[in-house]
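Reader: I would like to go through this structure term by term. Please set each value against its cut-off before drawing a conclusion.

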Amino acid sequence: MIFPYSIQKVWEVVTSIENYAWRSDLVRAERCGETQFWEYAKGGAVTVFTTEKIEPYKCWSFRMENRNITGRWTGLFTEEGGQTQLDCTEEATAKRWVLRLLVKLYLKRQQKQFITDLQNALSK
């Protein structure tokens with residue numbers, strides 16, 4: 001996805017754990033040490049994220065886990081001509097076989113909502 005904003009602005013919004021209000025799916029987010037943070041979804045799920053790689057204005061990658069899934073998210077940031085491209089890759093595996101068919105649909109919906117929320121936050 002390409003955003004008509006500087007890489008600094010996009011990076012700041014995406015990586016600021018404490019400033020989660022732009023995310024329509026969350027009720028709370030908090031840091032738990034240097035490399036870990038927790039997100040509390042409106043539906044009640046708590047997801048634990050553990051940062052694996054962080055290169056400012058280039059890459060942010062972390063593992064994620066909650067009661068239903070385990071996985072990994074990577075965001076690659078590039079800038080050209082004052083615009084920022086954000087390539088997000090998300091992989092997840094359901095912990096219960098019943099949910100395995102739904103994981104892909106869940107991830108698509110989550111990514112779509114994330115991008116919509118991010119576009120709204122950046123435009124303000």
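Author: The answers below go from the whole chain to single residues.

Author: This is a predicted model, in which local features need pLDDT of at least 70, side-chain atom pairs count only at pLDDT 80 or more, and totals for chains, interfaces and linings use all residues. Residues are numbered from 1 along each chain as its sequence is written, and side-chain values use heavy atoms, with hydrogens and water left out.

Reader: How many helices and strands does the chain have, and what makes a run count as one?

Author: The chain has two helices and seven strands. Along the sequence the pattern reads β-α-β-β-β-β-β-β-α.

Reader: How do you know whether the radius of gyration agrees with a compact globule?

Author: The radius is taken over C-alpha atoms, and the globule rule is 2.2 Å times the number of residues to the power 0.38. For 124 residues a compact globule would be near 14 Å; the chain has 14 Å, so the value agrees. The C-alpha trace spans about 45 × 30 × 25 Å along its principal axes.

Reader: What share of the residues counts as buried, and what does buried mean?

Author: Buried means under 20% relative accessible area, exposed means over 50%, and partly exposed lies in between (1.4 Å probe, protein chains only). In this chain 38% of the 124 residues count as buried.

Reader: What makes a set of residues a nonpolar core, and which residues have the most contacts inside the largest one?

Author: A nonpolar core is a set of buried Ala, Val, Leu, Ile, Met, Phe, Trp, Tyr and Cys residues joined through side-chain atoms within 4.5 Å. The largest has 28 residues, and Phe3, Val14, Trp60, Phe77, Leu86, Phe114 and Leu118 have the most contacts inside it. At least two residues each come from helix 1, strand 5, strand 6, strand 7 (83-94) and helix 2. Helix 2 gives the most, with seven residues. In soluble globular proteins, nonpolar side chains tend to be buried together.

Reader: Which residues does Phe77 contact beyond its neighbours in sequence?

Author: A contact means heavy atoms within 4.5 Å. Outside four places in sequence, the contacts of Phe77 include Val10, Trp11, Val14, Tyr57, Trp60 and Leu86.

Reader: Why is the pair Glu52 and Arg72 called a salt bridge?

Author: The term requires a side-chain nitrogen of Lys or Arg within 4 Å of a carboxyl oxygen of Asp or Glu. Glu52 and Arg72 meet at 2.7 Å, N to O, so the pair qualifies. Glu52 lies in strand 4 and Arg72 in strand 6 (residues 69-80), so the bridge ties together parts 20 residues apart in sequence.

Reader: What other partner does Glu52 have, and at what distance?

Author: Glu52 also forms a salt bridge with Arg63, where the closest N and O atoms are 3.5 Å apart. Glu52 is in strand 4 (residues 46-55) and Arg63 in strand 5 (residues 59-65), so this pair joins parts 11 residues apart in sequence.

Reader: Why are Glu52, Arg63 and Arg72 called partly exposed?

Author: Glu52 has a relative accessibility of 35%, Arg63 has 39% and Arg72 has 34%. Each value falls between the two limits for burial and exposure, so each residue counts as partly exposed.

Reader: How many salt bridges are there in the whole structure?

Author: A search of the whole structure finds eight. One of them joins Glu18 and Arg31, with the closest N and O atoms 3.1 Å apart. Glu18 is in the loop between helix 1 (7-15) and strand 2 (26-31), while Arg31 is in strand 2, 13 residues apart. Arg23, Asp25 and Glu39 are linked in a network of salt bridges.

Reader: Why is Leu105 called exposed?

Author: Its relative accessible area is 58%, above the limit for exposure, so Leu105 is exposed. Leu105 sits in helix 2 (residues 103-123).

Reader: What makes up the nonpolar surface patch, and how is a patch defined?

Author: Leu101, Leu102 and Leu105 make a patch of about 360 Å². Patches are made of residues with over 30% relative accessible area and no salt bridge; like charges are joined within 9 Å, and nonpolar side chains (Val, Leu, Ile, Met, Phe, Trp, Tyr) within 5 Å. Areas come from the Shrake-Rupley method with a 1.4 Å probe, and for residues only the protein chains shown count as cover.

Reader: What is the phi of Tyr57, and where does the residue lie?

Author: Tyr57 has a positive phi of about 65° although it is not a glycine. Tyr57 lies in the loop between strand 4 and strand 5, and its relative accessible area of 37% makes it partly exposed.

Technical notes
Helix = DSSP H or I, 4+ residues; strand = E, 2+ residues; numbered from the N terminus.
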